[in-house]
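Good morning, and thank you for coming. Please look at the sequence and the structure on the screen while I speak.

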Amino acid sequence: KETQTTMDNSKTSLDWNGYYVGTLPCADCPGIYTELLLNMDESFVLNELYMDRDLRPRVKKGTFSWNSKGNTITLNSNGKVTNSYLVGENALIQLDMKGNRITGDLAHRYELEKKQLKITDTRWKLVELQGKKVDNSSVFVVFPTENYRVYGNSGCNNFTGTFELKEGNQIGLSQIAS
């Protein structure tokens, strides 16, 4: 009987999905404030703000793919390969254009740190729906940690119910009433 061996790698062994933040070096500005959200379905949202230059972040959305070793991801936005990152424990390390680790005095600055999103006790307002900006929306939701009751407004009616935080930045909703 043939046995198949599975190698542990970043893709199979780490909790890689989530929200990463850091300020990456920039040749002609103080830095690029970077936020990268990696989803389990291998989609991403990348926000880059060139400090002292941009008023709003530059947003890229797309998918990412893993290399054959399962330790590096490459972002693909609108058919264009953008950045590659080595996936580590609670960190992404940006690679150079050839897929190698950046060396030198600034090498340590090419790292994004994984942050836990603060979902609870924050008022979330709808600003985008199916890729289209929503202006002056009254739609909001709040997930208070007291009693784990969710409430909000759907634009027309108020709603309430219960919620549960699940692994992988997921929320389970139940007993919703409007």
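Predicted model: local features only at pLDDT ≥ 70, side-chain atom pairs only at ≥ 80, totals over all residues.

Residues are numbered from 1 along each chain as its sequence is written, and side-chain values use heavy atoms, with hydrogens and water left out.

Strand β13 (residues 149-153) and strand β14 (residues 158-166) run antiparallel and are joined by five bridges. Strands here are DSSP runs of E with at least two residues, numbered from the N terminus, and two strands pair if DSSP finds at least two bridges between them.

Where do β13 and β14 sit in the sheet? The order is β9-β12-β13-β14-β15, an open sheet of five strands with antiparallel pairing. At its edges are β9 (123-125) and β15 (170-177), each of which pairs on one side only.

Next, the cysteines. How many disulfides does a search of the whole structure find? It finds one, where a disulfide is a pair of cysteine sulfur atoms within 2.5 Å. The disulfide joins Cys26 to Cys29, with an S to S distance of 2.4 Å. The link of Cys26 and Cys29 is right-handed, with 120° about the S-S bond. Are Cys26 and Cys29 buried or exposed? Both are buried, that is, under 20% relative accessible area, whereas exposed means over 50%, with a 1.4 Å probe and protein chains only. Cys156, by contrast, is exposed, with a relative accessible area of 66%.

The largest pocket holds about 680 Å³ of space. A pocket is an open set of points on a 1 Å grid over the protein atoms alone, where a 1.4 Å probe fits, with protein on both sides within 12 Å along at least five of seven lines; lining residues have an atom within 4 Å of a point. Of the 17 lining residues, Leu37, Leu117, Trp124, Lys125 and Val127 are the closest to the centre of the largest pocket. Strands β2 (32-38), β3 (43-50) and β9 each supply at least two residues of this lining.

The second largest pocket has a volume of about 250 Å³. Its lining includes Glu35, Arg56, Lys125, Val127 and Asp135.

Key: Helix = DSSP H or I, 4+ residues; strand = E, 2+ residues; numbered from the N terminus. Points joined across faces, edges and corners; volume = space filled by probe spheres on them.
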